[in-house]
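Here is a friendly walk through one model, from its confidence scores to its sheet, core and charged pairs. Have your viewer ready.

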Amino acid sequence: FQDGKPALTFAEGNVTARYRNIIVTAQQGQVDYTTSTAEFTGNVIFRIDVEKVYGERITLNFKTGEWSVQTAQTTVTPEFAKGYLKAPVFAHAKIIEGVRRKSIIGHDAETTTCDLNPPHYDLISRAVEIYPDNKIVLRDMTAYVLGHKLITLRRLPIPLRQIQRNPQLTPGSARTRKRGHFSSCPILTWATRRSPGFCCSI
């Protein structure tokens, strides 16, 4: 206590903490009321609404809603993405951080929608930014298929809202005799207000 007010709380052994729509379970936890921050360690499970992030350490700011999980893994579900995803996205990263449920950013991340172990394909990126009701952006991304490097892109945007309205915008990859392996990242453009067109970067 400090000046008759709580200043610090420490708990150990099957710790559970709740704050609004956030639930954290861990082996140890510490809350600093003077800075509105908390830190939890050991088999951490961070829940925000329907989303869960697993890791070894999490820090959380109660005022700003910012959080950060180290050695983290998560599954972004179609429910969390408000239906803009048709299948879960599995992500592993050195650090996964976010602001409430507005965004999830994974650093040195590995993402895939394949649930096999090992997965048939991986997307390894310096950062993956997930905005649940808007888009996914992979930066410095390298795609691997069956353990073989396929292609590297500096930036791969996946517009969730626009893809749901028009599946032609889905990024993809293929192989032909003429072009070899290639990746297409369609971008919606407008010839007129009523006439959309598509520009593909390869």
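## Confidence

Strand β13 (residues 196-201) has the lowest mean pLDDT among the elements of the chain, 47, while strand β2 (residues 22-32) has the highest, 93. Here pLDDT is the predictor's confidence in each residue, from 0 to 100, and strands are DSSP runs of E, at least two residues long, numbered from the N terminus. The chain averages a pLDDT of 80, and 78% of the residues score at least 70. Over residues 198-202 pLDDT stays under 50, and the model has 18 contacts beyond four places in sequence for them; a contact means heavy atoms within 4.5 Å.

This is a predicted model, so local features need pLDDT of at least 70 and side-chain atom pairs count only at pLDDT 80 or more, whereas totals for chains, interfaces and linings use all residues. Residues are numbered from 1 along each chain as its sequence is written, and side-chain values use heavy atoms, with hydrogens and water left out.

## The sheet

Follow the strands in order and you will find an open sheet of 10, running β1-β2-β3-β4-β5-β6-β7-β8-β9-β10 with antiparallel pairing. Two strands pair if DSSP finds at least two bridges between them. At the edges sit β1 (8-19) and β10 (148-159), each pairing on one side only.

Strands β4 (residues 51-61) and β5 (residues 66-76) pair in the antiparallel sense over 6 bridges. Within this region, R57 has Q70 of β5 as its bridge partner.

## The core

The largest nonpolar core has 34 residues, and F40, F46 and W67 have the most contacts inside it. Such a core is a set of buried Ala, Val, Leu, Ile, Met, Phe, Trp, Tyr and Cys residues joined through side-chain atoms within 4.5 Å. Its largest share, 5 residues, comes from strand β3 (residues 37-48).

Leaving aside neighbours within four places in sequence, W67 is in contact with residues including F46, V53, L60, I96 and I104.

## Salt bridges

The structure holds 4 salt bridges, each a side-chain nitrogen of Lys or Arg within 4 Å of a carboxyl oxygen of Asp or Glu. One of them joins R57 and E39 (2.7 Å, N to O), linking strand β4 to strand β3 across 18 residues. R57 is partly exposed at 32% relative accessibility, and E39 is partly exposed at 36%; buried means under 20% relative accessible area, exposed over 50%, and partly exposed in between (1.4 Å probe, protein chains only).

R139 pairs with E129, with the closest N and O atoms 2.7 Å apart. R139 is partly exposed at 25%, whereas E129 is buried at 13%.

Key
Helices (H or I, at least four residues) and strands (E, at least two) are DSSP runs, numbered from the N terminus.
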